[in-house]
Amino acid sequence: MIAIRALAALCVIWLIAPLPARADAAAGRHIIHVLNRLALGPTAEAVAHVKAVGIDRYIDEQLDPGALPEPAVLTDRLATLDTQGLSASQLFAKYGPQPGETMAGAKPTQEMIDARVKRADSILQQARAARVYRALYGPRQLQEVMVDFWFNHFNVNAYNGFDMLWVGNFENEAIRPHVLGHFRDLVLATAQHPAMLYYLDNQDSTAPGSPSASVLFSDINENYARELMELHTLGVDGGYTQQDVTTLAHILTGWGFNYQSLSAGSGPAFAFIASRHDPSEKTFLGQRIAPGGIEQGIAAIDILAKSPATAHHIAFELAQYFVADQPPPALVDRLTQQFLSGDGDIKAVMKALLTSPEFRDSAGQKYKTPYQYVLSAVRATGGRIKSPTPFLGTMAQLGMPLYLCPTPDGYKNTQDAWLSPSGTTDRTNFATLVGSGALLNYVPPDEQAVHVVAASAAPDAAKPIAVDTEALQALLNPVLSDHTRAAIAESPATLKAALILGSPDFMRR
Amino acid sequence: MLRRDLVRLAGGAALGAVASPTLGPIWAARADGPPKRVIVVMLRGAVDGLNVVVPYGEAAYYEARSTIAIQKPGTDNGALELDGHFGLHPALQPLMAMWTDKKLAFIHAAGSPDPSRSHFDAQLYIENGTPGHATTPDGWMNRLLAALPGPRSPTDALSVGPTLPYILKGPVAVANLPLGPKAAAPMAIDRPEIASAFDRLYDGNDKQSEAYRQGRAARTQLVADMASDEQKMADNGAPPANGFPAIAARLAQLVTQDKHIRLAFVSLGGWDTHARQGNDKGQLAGNLKALGTGLAALQQGLGQDWNDTVITVISEFGRTVHENGNGGTDHGHGNVIWVMGGPVKGGKVYGQWPGLGTAQLYQARDLAVTTDYRNPLATIAEKHLRLDDTALAKIFPGLPSAHGDFADILAA
């Protein structure tokens with residue numbers, strides 16, 4: 001079946017091949033397609049690069065992000081974000097509750113609370129700026145796309161207590177290093193990060209009757225155990241029972257904060273607290289877990305990471321994110337097999353996905369999320385901004401504030417979730433403001449001081465940023481429909497950039 | 001379009017056959033009088049219904065909840081007396097006038113026949129109206145809108161917020177609008193030359209073009225409504241800038257101004273209280289206070305329109321009867337449905353209370369479900385919106401008829 005389809009496709013290519021202009025157009029469209037999916041949208045530089053090295057090599061480059069050096073335009077900006085380099089323990093000690101605030105039991109004053117929120121918010125804003133800078137200026141585009149994918153898969157919410165301190169660190173330490181690594185490492189890293197331990201309450205879960213049990217730590221908490229299976233690994237139809245949820249919660253008792261590290265501001269933020277753990281033998285998903293401590297949780301995570309249900313769940317999600325809202329079942333099956341045979345090697349699954357005919361033939365089938373739409377619009381104009389704030393604000397206005405998805409399932413990436421009447425209105429309005437250059441040059445009043453730092457780091461940053469309409473049109477022309485091109489041709493020159501960025505075609509990837 | 005017409009035809013034919021004497025005037029009234037409205041408030045994350053409408057008459061309630069129980073009426077910060085068996089969470093004091101006025105009712109031990117304890121599956125089933133069937137392509141509120149007689153307007157149904165929830169998805173055009181403080185502020189694309197250029201770009205029949213045109217039409221109408229109301233809002237005392245009370249006040253202003261709006265939907269998060277949920281004070285109390293204040297503001301803002309409005313509050317499932325090890329509750333089953341409005345026969349806790357004894361619990365841990373959540377919703381559609389059995393069967397396909405006491409929740 002596939003062979004016949006491939007043969008038919010070859011015939012079509014052969015039929016149109018005598019017309020070099022058409023072949024060029026198809027090749028141009030394909031490069032934009034690849035950059036729409038492996039990157040946060042095309043830039044003129046990226047298109048030139050893919051043309052030079054070819055698509056196959058570009059895919060291989062992107063699958064090995066460590067080998068791609070980060071340019072000064074990115075590293076200079078990241079260097080202005082001083083909290084990005086701090087560990088979870090440092091962040092807590094320096095920016096969290098200070099001695100005499102809450103941990104000692106004294107009720108904090110409103111001033112103390114306000115000051116603490118302000119301190120934590122500065123970390124959150126830096127984390128958001130870092131994410132935007134990496135997406136706009138970084139060469140490791142697939143890595144950043146995978147960060148978006150996996151962050152939402154293992155979502156935590158910055159507006160959930162201490163997580164405002166830790167959401168950036170969670171991304172930098174538990175997500176980004178593993179996005180193309182082994183799935184089991186990703187699960188373990190998120191399971192042991194304080195942002196996840198806090199968000200899904202495992203930090204509180206305590207074996208009843210254990211030495212450290214107390215009034216507010218008297219029994220298990222199911223929250224993390226359930227979502228670990230439903231969302232992170234097996235999937236909701238993955239064959240677990242309420243009994244498995246309860247058992248897994250018992251297995252994971254004692255996985256919590258290292259209070260010593262947090263108050264000292266050094267050392268690992270995770271600790272296995274044996275005095276809260278239920279060490280008894282368990283039967284989990286039909287398998288025996290021997291009596292023990294932290295190794296019980298590791299064993300359970302190994303069982304979950306190796307399960308065919310997990311392989312299918314992850315394969316489906318990746319195919320949905322990278323190919324189509326309703327991904328082709330044959331592709332999902334092949335990716336499932338690759339996940340299993342590669343023992344959860346994400347890079348191998350991604351290689352199979354990105355070189356598949358289903359991926360190749362799926363151009364334009366995905367509707368951009370607000371995050372993808374906003375960042376791709378900036379990248380298409382050349383990628384230069386004065387402040388990330390108006391772009392983060394647009395994501396929020398469109399219903400996708402960065403790091404603030406309140407529920408553990410993360411933001412969806414389907415058309416059903418994001419195509420809406422007011423969303424379309426707001427997108428076209430945003431496109432108008434980007435097309436005119438207004439948003440690219442905007443610096444909120446309270447950021448003028450920060451802006452000076454960024455400007456000194458990049459000497460050309462003080463100049464006004466203009467949108468080159470002709471360059472924008474040349475870049476995106478391959479994916480604009482005849483209808484869109486005709487409408488743009490009839491419009492005043494001052495509106496053309498807005499219409500390109502606000503076109504139905506540009507809202508797809 | 002075809003489907004909508006078919007639905008309308010089917011409804012019309014059935015009505016003709018029944019030829020009920022009460023239906024004539026209502027059909028006529030809908031064309032120019034105040035519309036019959038339904039507002040659905042969804043609490044995403046599963047609110048702890050046992051601490052909303054508290055079964056204080058049951059010893060098992062207090063045995064199961066040593067730190068988070070709401071104390072009996074008459075004690076300090078205890079529950080507000082409802083009917084001698086149930087009491088209301090004290091943070092919902094703003095709703096007591098409504099209760100005393102018999103315009104607020106509850107249906108306890110209501111919920112989905114599907115046993116899922118997944119938030120996401122359970123919310124999907126509440127929204128698509130077909131528990132256990134995930135692939136239903138539209139939401140029950142869109143099917144409800146399809147069953148209502150025309151003429152159509154871009155703002156027949158309104159979802160508050162930047163995205164379109166599943167409950168309103170479907171073939172009939174609906175509007176969505178975030179009701180933030182700046183909802184009516186001018187936008188670049190309001191300028192005629194920019195709007196007409198985009199209109200040309202989006203003149204196709206695809207989904208994106210449809211969404212664009214719905215957005216344009218709704219914005220034009222809603223912004224005009226809100227702009228003309230801004231002075232009035234200032235005169236009434238400005239609502240707080242954020243949170244549900246402010247959104248509710250704006251929603252009330254909007255629907256009183258725009259007689260086209262027949263269905264509205266709002267969802268609120270923050271109910272997934274796995275740890276430290278508190279009792280009469282704390283996390284849940286804070287959320288309930290905002291909700292109660294907002295619902296009271298909605299009633300006040302609706303003015304005369306309150307008499308033609310039914311508001312219902314639902315959540316995907318309830319929470320465990322027993323508190324967990326951290327002063328919270330985990331995912332459970334049965335919950336309480338709230339119904340209020342001018343046409344409601346309130347001041348009563350409806351439903352069949354299954355009890356909290358271990359043998360009475362669902363899977364020995366959760367409040368059992370004795371009322372399918374769709375039955376009260378179908379009752380509202382039938383008695384308030386005057387839809388017939390043919391229409392109801394399309395809105396909630398396969399729903400077994402039920403004859404619980406909640407059938408009397410609205411005047412016939």
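Strands here are DSSP runs of E at least two residues long, numbered from the N terminus. By that count, B:Ala109 sits in strand β5 (residues 104-111) of chain B. This is a predicted model, and chain A comes out with 28 helices and 4 strands.

**Chain A overall**
- The C-alpha trace of chain A stretches about 75 × 60 × 40 Å along its principal axes.
- Some 49% of the 509 residues in chain A count as buried.
- Take the contacts in chain A with a separation of 6 or more, and 70% of them come from residues 24 or more positions apart.

**The α7/α9 pair in chain A**
- Helix α7 (residues 110-137) of chain A packs on helix α9 (residues 163-175) of chain A, with an angle of about 25° and axes 7 Å apart.
- Because angles under 35 degrees count as roughly parallel, α7(A) gets that label relative to α9(A).
- The crossing of α7(A) and α9(A) is left-handed.
- On the α7(A) side, the contact is made by A:Ala120, A:Asp121, A:Ile123, A:Leu124, A:Gln126, A:Ala127 and A:Ala130.
- From α9(A) come A:Met164, A:Leu165, A:Val167, A:Gly168 and A:Glu171.
- Sorted by class, the residues in this contact of α7(A) with α9(A) are 8 nonpolar, 2 polar and 2 charged.

**Helix α12 and its surroundings in chain A**
- Helix α12 (residues 223-232) of chain A has 10 of its 10 residues buried, so the rest of the structure largely encloses it.
- Charged names turn up in that buried set too, including A:Arg226, A:Glu227 and A:Glu230.
- Packed against the buried residues of α12(A) are α8 (141-153), α10 (183-191), α13 (242-251) and α15 (294-306) of chain A.
- One residue of helix α8 in chain A is A:Gln143, which counts as buried because 21 C-beta neighbours fall inside 10 Å.
- Setting aside neighbours within four places in sequence, A:Gln143 touches A:Pro65, A:Arg176, A:Val179 and A:Leu180.
- A:Gln143 and A:His178 are 35 residues apart in sequence, with a C-alpha to C-alpha distance of 9.5 Å.

**Where chains A and B meet**
- Chain A puts 49 residues into the contact and chain B puts in 45.
- On the chain B side, α5 (119-128), β7 (175-177), α7 (192-201) and α8 (207-235) each supply at least two residues.
- The largest share on that side is from α8(B), with 10 residues.
- By class, the side of chain B that touches chain A holds 18 nonpolar, 20 polar and 7 charged residues.

- Most residues other than glycine have a negative phi, and most peptide bonds are trans.
- B:Ala109 isn't a glycine, yet has a positive phi of about 60°.
- B:Ala109 is buried, with 26 other C-beta atoms within 10 Å.
- B:Arg386 also has a positive phi of about 60° without being a glycine, and lies in the loop between α11 (374-384) and α12 (389-395) of chain B.
- With 18 other C-beta atoms within 10 Å, B:Arg386 counts as partly exposed.
- B:Gly150 and B:Pro151 are joined by a cis peptide bond, omega about 0°.
- B:Pro151 is in the loop between α6 (140-147) and β6 (157-160) of chain B.

Conventions. Residues numbered from 1 in each chain as written. Chains lettered and ligands numbered in written order. Predicted model: local features only at pLDDT ≥ 70, side-chain atom pairs only at ≥ 80, totals over all residues. Buried ≥ 20, exposed ≤ 12 C-beta atoms within 10 Å, placed from the backbone. Contact = placed C-beta atoms within 7 Å. Axes fitted to C-alpha atoms, helices over the stretch in contact; angles between N-to-C directions. Parallel < 35°, antiparallel > 145°, perpendicular 65-115°, else oblique. Left-handed = near helix turned anticlockwise from the far one by under 90°.
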